[in-house]
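Thanks, everyone. Let me put the model up and walk you through it.

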Amino acid sequence: MAGVSEIVVGGSVLALAEGDITRFTADAIVNAANSRLAGGGGVDGAIHRAGGPSIMAELDRIRAEIGSCPTGDAVVTAAGDLPARWVIHAVGPVYRDGKQGEPELLAACYRRALELAAAHSARSISFPAISAGIYGYPVAEAARIAVSTVASGLRQGESSVERATFVLFGREVFDIFAAALDRQGRPSADG
Ligand code: ADP
């Protein structure tokens with residue numbers, strides 16, 4: 001197997017797994033949602049299918065209250081039938097050319113998801129590769145931002161999160177995240 005699949009950061013584990021995030025047990029599962037919180041294709045569709053209608057019913061109530069969720073932010077619902085307690089619906093940016101604030105917005109939604117996990121005292125959290133599918137973010141760059149942002153969140157040490165796992169769909173995306181995690185794990189890596 002190429003690359004490392006977990007490192008220790010700030011006393012917590014940052015890990016990679018390959019597979020379907022809806023089958024992966026964690027206190028909190030992060031969804032790559034859209035700002036309308038309306039469900040969609042990709043991992044969002046898979047989460048709603050596997051979690052059942054109670055998740056959308058809760059999002060309907062949230063939408064009635066706040067309208068939409070800004071890009072870079074996230075909202076929390078219960079997890080329905082998923083092997084989790086919460087779903088953190090994080091809204092990543094649509095990638096245009098990388099000069100429209102996409103890196104900051106992608107980092108912001110990972111940070112926000114970690115904050116919300118800590119607010120719910122989650123000890124484990126799983127993330128998909130937010131924005132790296134339909135939203136078109138180049139995977140290597142999305143992986144670098146994802147890994148460095150979650151690592152720095154864990155390093156801050158105030159979080160309840162003991163284990164954060166990127167659950168990647170397909171070998172190709174897994175290998176790209178493994179390379180990013182490998183760089184992050186080296187003593188000279190910053191961020
Ligand atoms: P976005 O709209 O934010 O780009 P997508 O769902 O289209 O979100 O894709 C994000 C990533 O999630 C892609 O790498 C895609 O292959 C992956 N993905 C799709 N379905 C699943 C799943 N069931 N579990 C984990 N990852 C998934």
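**Walking through the model**

Start with Asp44, which is found in helix H1. Helices here are DSSP runs of H or I with at least four residues, strands are runs of E with at least two, and both are numbered from the N terminus. Keep in mind that this is a predicted model, where local features need pLDDT of at least 70, side-chain atom pairs count only at pLDDT 80 or more, and totals for chains, interfaces and linings use all residues. Residues are numbered from 1 along each chain as its sequence is written, and side-chain values use heavy atoms, with hydrogens and water left out.

Back to Asp44. Buried or exposed? Asp44 is buried, at 3% relative accessible area. The cut-offs: buried is under 20% relative accessible area, exposed is over 50%, and partly exposed is in between, with a 1.4 Å probe and protein chains only. Asp44 and Ala33 are 11 residues apart along the chain, and their C-alpha atoms are separated by 5.9 Å.

Now the loop between strand S3 (28-33) and H1. Leu37 lies there. Leu37 is not a glycine, yet its phi is positive, at about 55 degrees. Most residues other than glycine have a negative phi. Leu37 counts as buried, at 2% relative accessibility. Gly39 is buried too, with 17%. From Gly39 to Met56 is 17 residues along the chain, and 7.8 Å between C-alpha atoms.

Next, the ligand. Which residues come nearest? There are 15 residues around the ligand, and the nearest are Asp20, Val43, Ser131, Gly133 and Ile134. Near means that a heavy atom of the residue lies within 4 Å of the molecule. Helix H1, residues 42-51, gives the most to this shell, with 3 residues.

Look at the polar backbone atoms around the ligand. Ile21 places one 2.9 Å from a ligand nitrogen. Val43 has one 2.8 Å from a ligand oxygen. For Ile134, a backbone N or O atom lies 2.8 Å from an oxygen atom of the ligand. How much of the ligand does the protein bury? Taken alone, the ligand exposes 560 Å², and the protein buries 90% of that. Those areas come from the Shrake-Rupley method with a 1.4 Å probe; for residues, only the protein chains shown count as cover.

The ligand takes up the space of the largest pocket. A pocket is found on a 1 Å grid over the protein atoms alone, as an open set of points with protein on both sides within 12 Å along at least five of seven lines. A molecule sits in one if more than half of its atoms lie within 2 Å of its grid points.

Stay with Ser131, one of the residues nearest the ligand. Ser131 is found in the loop between strand S6 (124-127) and helix H4 (139-155). Its phi is positive, about 70 degrees, and Ser131 is not a glycine. Ser131 is buried, with a relative accessible area of 5%.

On to the aromatics. How many aromatic pairs are there? The count comes to 5. Take one of them: Tyr110 and Phe166 sit edge-to-face, 6.0 Å centre to centre, with 70 degrees between the planes. Tyr110 lies in helix H3 (residues 102-119) and Phe166 in strand S7 (residues 163-168), so this pair ties together parts that are 56 residues apart in sequence. The rule: rings of Phe, Tyr and Trp (its six-membered ring) pair if their centres lie within 6.5 Å; planes under 30 degrees apart are stacked, over 60 edge-to-face, and the rest tilted.

Tyr110 is buried, at 0% relative accessibility. Phe166 is buried, also at 0%. Ring pairs link Tyr110, Phe127, Phe166 and Phe177 into a cluster.

Glu102 is found in H3, and counts as buried at 1% relative accessibility. Ala119 and Ser159 are 40 residues apart in sequence and 8.6 Å apart, C-alpha to C-alpha.

Last stop, strand S4, residues 74-78. Thr77 lies in it. Thr77 is buried, with 1% relative accessible area. The side chains of Thr77 and His89 are joined by a polar contact of 2.9 Å. A polar contact is a pair of N or O atoms within 3.5 Å; within protein, one must be able to donate a hydrogen and the other to accept it, and residues adjacent in sequence count only if both atoms are side-chain atoms.

Key. On a 1 Å grid over the protein atoms alone, a cavity is a set of points where a 1.4 Å probe fits but cannot get out, and a pocket is an open set with protein on both sides within 12 Å along at least five of seven lines; lining residues have an atom within 4 Å of a point.
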